[in-house]
Amino acid sequence: MDDYSSVHFGKVLKKLREARSLSQEQLAHGSNLDRSYISMLERDIKKPGLDTIIALGKGLEMRASEIIKELEEQPENEWLLKDCFGIRDNNINSFMDSGTLTHPEI
């Protein structure tokens with residue numbers, strides 16, 4: 001699973017939105033995005049660019065980097081850590097348990 005189109009962004013976005021008790025409409029308003037676009041993001045029909053992630057951060061009252069961190073921590077996105085940080089399969093669990101997102105020693 002080396003294809004970046006397989007990132008499960010929607011699950012993370014919905015989790016973050018619901019944790020703040022926001023409707024899609026409220027998030028859309030706070031992010032200056034369309035509600036239907038928020039819906040498509042949550043269903044993984046559309047993939048956000050950096051500008052969109054920054055806008056969503058504003059609407060969620062969090063930093064874009066915090067959204068990315070949440071994305072990286074989802075088990076179904078484990079391949080992101082392997083690709084981005086060069087982690088070998090046998091090191092993934094210890095890396096994730098360490099709580100750090102810096103480049104590991106390989």
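**Helix packing and the core**

Mentor: The axes of α4 and α5 come within 8 Å and cross at roughly 100°, where axes are lines fitted to C-alpha atoms, for helices over the stretch in contact, and angles run from 0 to 180 degrees between N-to-C directions. Before we go further, note that this is a predicted model, in which local features need pLDDT of at least 70 and side-chain atom pairs count only at pLDDT 80 or more, while totals for chains, interfaces and linings use all residues. Residues are numbered from 1 along each chain as its sequence is written, and side-chain values use heavy atoms, with hydrogens and water left out.

Trainee: How are α4 and α5 oriented to each other, and which residues meet?

Mentor: Two packed helices are described by the angle between their axes and the distance between the axes. Here α4 and α5 are roughly perpendicular to each other, since angles under 35 degrees count as roughly parallel, over 145 as roughly antiparallel, 65 to 115 as roughly perpendicular and the rest as oblique. From α4, the residues I53, I54, L56, G57 and L60 meet A64, I67 and I68 of α5, contact being defined as heavy atoms within 4.5 Å.

Trainee: What elements does the chain hold, and in what order?

Mentor: Helices (H or I, at least four residues) and strands (E, at least two) are DSSP runs, numbered from the N terminus. The chain has seven helices and zero strands, so that the order from the N terminus is α-α-α-α-α-α-α.

Trainee: Is I67 buried or exposed, and what is I67 in contact with?

Mentor: Buried means under 20% relative accessible area, exposed over 50%, and partly exposed in between, with a 1.4 Å probe and protein chains only. I67, in helix α5 (residues 64–72), is buried, with a relative accessible area of 2%. Leaving aside neighbours within four places in sequence, I67 is in contact with F9, V12, L16, I53, L56, G57, L60 and M62. T52, which belongs to helix α4 (residues 50–60), is likewise buried, at a relative accessible area of 13%, and, with neighbours within four places again left aside, T52 is in contact with L33, Y37 and L41.

Trainee: Which residues of α1 are buried, and where do they lie around the helix?

Mentor: In helix α1 (residues 9–19), the buried residues are F9, G10, V12, L13, L16 and R17. Seen down the axis of α1, these buried residues fall within an arc of 165°, so they line one face of the helix; the arc is that of the directions from the helix axis to the C-beta atoms. The face turned away from the buried side of α1 carries the exposed residues K11 and A19, whereas the buried residues of α1 pack against α2 (24–31), α3 (35–42), α4 and α5.

Trainee: How many residues has the largest nonpolar core, and which elements give two or more residues to this core?

Mentor: A nonpolar core is a set of buried Ala, Val, Leu, Ile, Met, Phe, Trp, Tyr and Cys residues joined through side-chain atoms within 4.5 Å. The largest has 16 residues, and those with the most contacts inside it are F9, L13, L16, L27, L56, L60 and I67. The elements that give two or more residues to this core are α1, α2, α3, α4 and α5, with α1 giving the most, four residues.
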